[in-house]
Amino acid sequence: MKSLSLSCCALALALPASATVSIEFQLGGIDVPAGSIGVLVADADGDRDFTSPAEAEGALLSSGEMIRGDVIIAVFLPSGLPDWGTQKGFAAHTAVLDYADLGIAEGDALMLHIFPQRIEGQSLRAGEPHLSYRTDEIGQLTSNSTMGFSLPADGGAHLLAVIGPDRQGNADLSSLDLRDLPYDVGSGSFDRTLETLTARHTYHFELGASGFLSLDGIGGNGLVVQLIGPDGQAVYTGGGAEFSLYDTLASGLYTLVLSRESGGSGELAYELDFANSDVRFVIPDVAVGAGLTSLTGSNLLNGLAGQSISLTSMKANPGSGYATIVNRGRLLDTIAVRGSAGSTLCGIAYFDGAANVTAGLVTGGYRTPEISEGDAGTALRVQFSPKKNKLTKKKGKRTKVLKKTFSTLVRANSTLGPPSMDAASIRMQTR
């Protein structure tokens with residue numbers, strides 16, 4: 001190993017003549033939480049398809065136990081060697097391995113799994129947070145390694161050393177980063193950087209009961225964010241310049257992984273804020289206008305004054321105005337909308353596109369599609385149809401139109417979270 005002084009590097013074993021193997025394993029320095037364990041497994045069934053520990057509920061973390069088709073050959077704690085400074089890693093010597101007893105053979109592929117906050121002998125849980133590492137690239141090993149990530153020939157003592165450049169080694173270990181995300185205690189934030197293209201920052205947390213997660217982030221082009229649930233499936237996938245998740249999660253173990261798409265170069269900084277309280281709201285905003293390009297009332301909330309327009313109907317002809325409903329809050333939901341009914345002197349109808357939604361507006365049963373902050377929202381056309389036969393009078397040879405004003409109050413209410421409303425009016429005067 002390059003310029004690395006480790007007390008356990010010097011390995012001089014006089015093994016008996018029986019066919020057994022001893023392995024010195026070194027991997028560092030990497031960022032893993034205190035209390036982590038390393039588990040070295042061999043692909044005993046020879047398919048080179050390692051089982052994800054998150055999908056092997058009940059398997060024991062003990063030497064000789066099976067994780068489906070993989071057999072555990074060693075379990076060890078992080079090294080406390082001062083040479084690695086504040087970073088952590090693993091430096092351990094396995095007990096003598098008996099290939100026949102373990103059901104393994106020369107050439108079987110190896111993989112290292114790292115588990116946070118676990119101890120030897122515990123059983124795996126559904127969605128178990130973990131990191132996995134192996135490589136077939138000789139450049140990832142130190143110059144004095146005598147084996148790679150596959151079982152060596154039976155008999156003898158061997159060294160498998162994977163050390164990052166900041167510890168005078170050759171390996172790129174930037175993907176091995178595992179940290180607790182303690183959002184269940186309130187809120188928190190991270191301001192970090194993915195230093196290389198291969199870097200992956202992995203956060204883990206556990207929900208003992210169903211709970212809410214608020215996650216906001218600011219990143220950059222190429223940032224990929226994925227939240228993996230207890231069933232091993234992605235609960236959320238996002239990223240980029242801005243990303244957010246607001247959801248109630250079922251109990252269980254979760255893993256949040258931040259990585260980057262291929263391409264690009266240089267560091268990629270990101271900010272991450274999280275909380276366990278629902279800070280989202282539905283905030284209806286109603287605006288009205290004679291057309292969709294000239295609206296009154298945008299960003300005036302809670303029914304404040306100034307949210308009204310007046311239209312004119314010449315000769316009691318029909319006329320239309322528009323009402324738009326958007327959500328200024330971050331909570332994705334539908335919004336309930338109600339409008340005034342017509343009268344014996346003037347009918348009022350409401351259209352969502354080509355669909356006549358008058359019945360829903362008058363009874364309060366109409367709901368917008370799901371909309372959130374930044375969405376275009378819903379536009380309703382409000383049609384006034386004055387009754388000419390009731391609004392006109394003959395005076396000699398002249399026909400006089402009675403001056404009457406008809407109006408509707410378009411009111412929008414939140415249907416989720418704290419009550420919130422907005423309203424605006426459209427008036428039409430005949431002349």
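**Reading the model**

Guide: His 201 counts as buried because its relative accessibility is 2%; buried means under 20% relative accessible area, exposed over 50%, and partly exposed in between (1.4 Å probe, protein chains only). This is a predicted model, in which local features need pLDDT of at least 70 and side-chain atom pairs count only at pLDDT 80 or more, while totals for chains, interfaces and linings use all residues. Residues are numbered from 1 along each chain as its sequence is written, and side-chain values use heavy atoms, with hydrogens and water left out.

Visitor: Where is His 201 placed, and which residues is His 201 in contact with?

Guide: His 201 belongs to strand β11 (residues 201–207). Helices (H or I, at least four residues) and strands (E, at least two) are DSSP runs, numbered from the N terminus. Contact means heavy atoms within 4.5 Å. Leaving aside neighbours within four places in sequence, the contacts of His 201 include Asp 177, Arg 192, Glu 195, Val 257 and Tyr 270. With Tyr 270 there is also a polar contact of 2.8 Å between the two side chains. A polar contact is a pair of N or O atoms within 3.5 Å; within protein, one must be able to donate a hydrogen and the other to accept it, and residues adjacent in sequence count only if both atoms are side-chain atoms.

Visitor: What does the side chain of Ser 145 reach?

Guide: The side chain of Ser 145 reaches the backbone nitrogen of Ala 161 at 3.0 Å. Ser 145 is in the loop between β7 and β8 (156–163), and counts as buried because its relative accessibility is 17%. Not counting residues up to four places away in sequence, Ser 145 touches Leu 159, Leu 160 and Ala 161.

Visitor: How many residues of β18 are buried?

Guide: β18 is mostly covered, with 7 of its 8 residues buried.

Visitor: How is a pocket found, and what lines the largest pocket?

Guide: Rolling a probe the size of a water molecule over the atoms shows where empty space is left. On a 1 Å grid over the protein atoms alone, a pocket is an open set of points where a 1.4 Å probe fits, with protein on both sides within 12 Å along at least five of seven lines; lining residues have an atom within 4 Å of a point. Grid points are joined across faces, edges and corners, and a volume is the space filled by probe spheres set on the points. The largest pocket holds about 590 Å³ of space. Its lining has 28 residues, of which His 130, Leu 131, Ser 132, Arg 200 and Val 257 lie nearest the centre. The largest share of that lining, 5 residues, comes from β16.

Visitor: How do the lining residues of the largest pocket divide?

Guide: They divide into 10 nonpolar, 14 polar and 4 charged. Ala, Val, Leu, Ile, Met, Phe, Trp, Tyr, Cys and Pro count as nonpolar, Asp, Glu, Lys and Arg as charged, and the others, Gly among them, as polar. The second largest pocket has a volume of about 280 Å³; its 17 lining residues divide into 5 nonpolar, 6 polar and 6 charged.

Visitor: Which backbone angles deserve a look?

Guide: Most residues other than glycine have a negative phi, and most peptide bonds are trans. The peptide bond from Gly 28 to Gly 29 is cis, with omega near -10°, and Gly 29 lies in strand β1 (residues 21–30). Gln 117, not a glycine, has a positive phi of about 55°. Asn 299 likewise has a positive phi, of about 65°; Asn 299 is found in the loop between β19 and β20 (308–313) and counts as exposed because its relative accessibility is 54%.
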